[in-house]
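Please keep the sequence and the 3D view open as you go.

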Amino acid sequence: MATHARERLLDAAEELFYAEGIRAVGVERILAESGVGRASFYRHFASKDDLVVAVLQRRDQAWRTWLAERVAALGGKPLDVFGALAERFAGADFRGCAFINTMAETADTDSPAYRVAAGHKERVTAYVAGLLAEGGHEDAEALARRFVLLMDGAIVTALRERTTVPAAEACTVAAALLGDVA
C-alpha cells in the first residue's frame, strides 16, 4: 500500500504542478488531491522540494519515451520531432513544457529541481543529435542544439497562441538548417 501512496502523491503533484505551477500548489493541496495523509507523505518525501524532483524525474523519462515513440511512428526522421510536438500542442491539457516552466519558476540554478529540468533538456538534445547522426547530418550536436532551440520556441509560442502552427513553422526553419527546403 505504501507504493500506492507514493504513486498517488506523484500523480497528484504532477497534474497540479503542470496545470497550476509548482509554487502555486502547496503540500496541503497535494495531500487533499491524492488522498494521502501527511505522515505518509513524509515517509516518501522529506519535503515538497524532494517531491518536485521526483515528479520531474518521472516526467522526464515518460516524456522522452513518448517523444521517441511518436517520432518513430511518424517516420523516425529528425524533422518528425516537430510533428510529435504538433500532436502535443493539440491536446486540451497542453500547458507548455514542464521543464521550461520549472526553470522559469526556480530562481536558483543550483537547485535540484532546476538541475533535473536542465538535465532533461540535455537528454532531449542528445536524443535529437542521435536522430541527426543516424540521418547522416554532419555536426549533429550543434544541429541538435538548434533543433531544441526551435522546439522550445515552438512550445512557448504554441502555449501563448493556443495553436499547433508553431510546430510547422519551427519544422520549416529546421528543414532549412538541414538544406531540405523545397
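## About the model

This is a predicted model, in which local features need pLDDT of at least 70 and side-chain atom pairs count only at pLDDT 80 or more, while totals for chains, interfaces and linings use all residues. Residues are numbered from 1 along each chain as its sequence is written, and side-chain values use heavy atoms, leaving out hydrogens and water.

## Overall fold

The protein chain has 9 helices and 0 strands; helices (H or I, at least four residues) and strands (E, at least two) are DSSP runs numbered from the N terminus. Its C-alpha atoms fill a box of roughly 60 × 30 × 30 Å along the principal axes.

Of the 182 residues, 44% count as buried, where buried means under 20% relative accessible area, exposed over 50% and partly exposed in between, with a 1.4 Å probe and protein chains only. Taking contacts (heavy atoms within 4.5 Å) between residues at least 6 apart in sequence, 62% join residues at least 24 apart.

## The nonpolar core

A nonpolar core is a set of buried Ala, Val, Leu, Ile, Met, Phe, Trp, Tyr and Cys residues joined through side-chain atoms within 4.5 Å. The largest one holds 57 residues, and Phe 17, Leu 51, Phe 82, Val 128, Phe 147 and Met 151 touch the most other members. At least two residues of this core come from each of α1 (2-20), α2 (27-34), α4 (48-74), α5, α6 (98-105), α7, α8 and α9. The largest share, 10 residues, belongs to α8.

Which residues does Met 151 touch, not counting those up to four places away in sequence? They are Leu 67, Val 81, Phe 82, Leu 85, Val 124 and Val 128.

## The last helix, α9

Helix α9 (residues 165-178) has 14 residues that should span 20 Å at 1.5 Å a residue, and its end C-alpha atoms are 20 Å apart, which agrees; the expected span is 1.5 Å times one less than the number of residues.

Pro 166, Ala 167, Ala 170, Ala 174, Ala 175 and Leu 178 are buried in α9, and their cover includes α5 (80-89), α7 (112-134) and α8 (140-161). Just after α9, Gly 179 takes a positive phi of about 75°.

## Two loop residues with positive phi

Most residues other than glycine have a negative phi. Asp 139, in the loop between α7 and α8, has a positive phi near 50°. Asp 139 counts as exposed because its relative accessibility is 56%.

Arg 162 lies in the loop between α8 and α9, with a positive phi near 55°. At 52% relative accessibility, Arg 162 counts as exposed.
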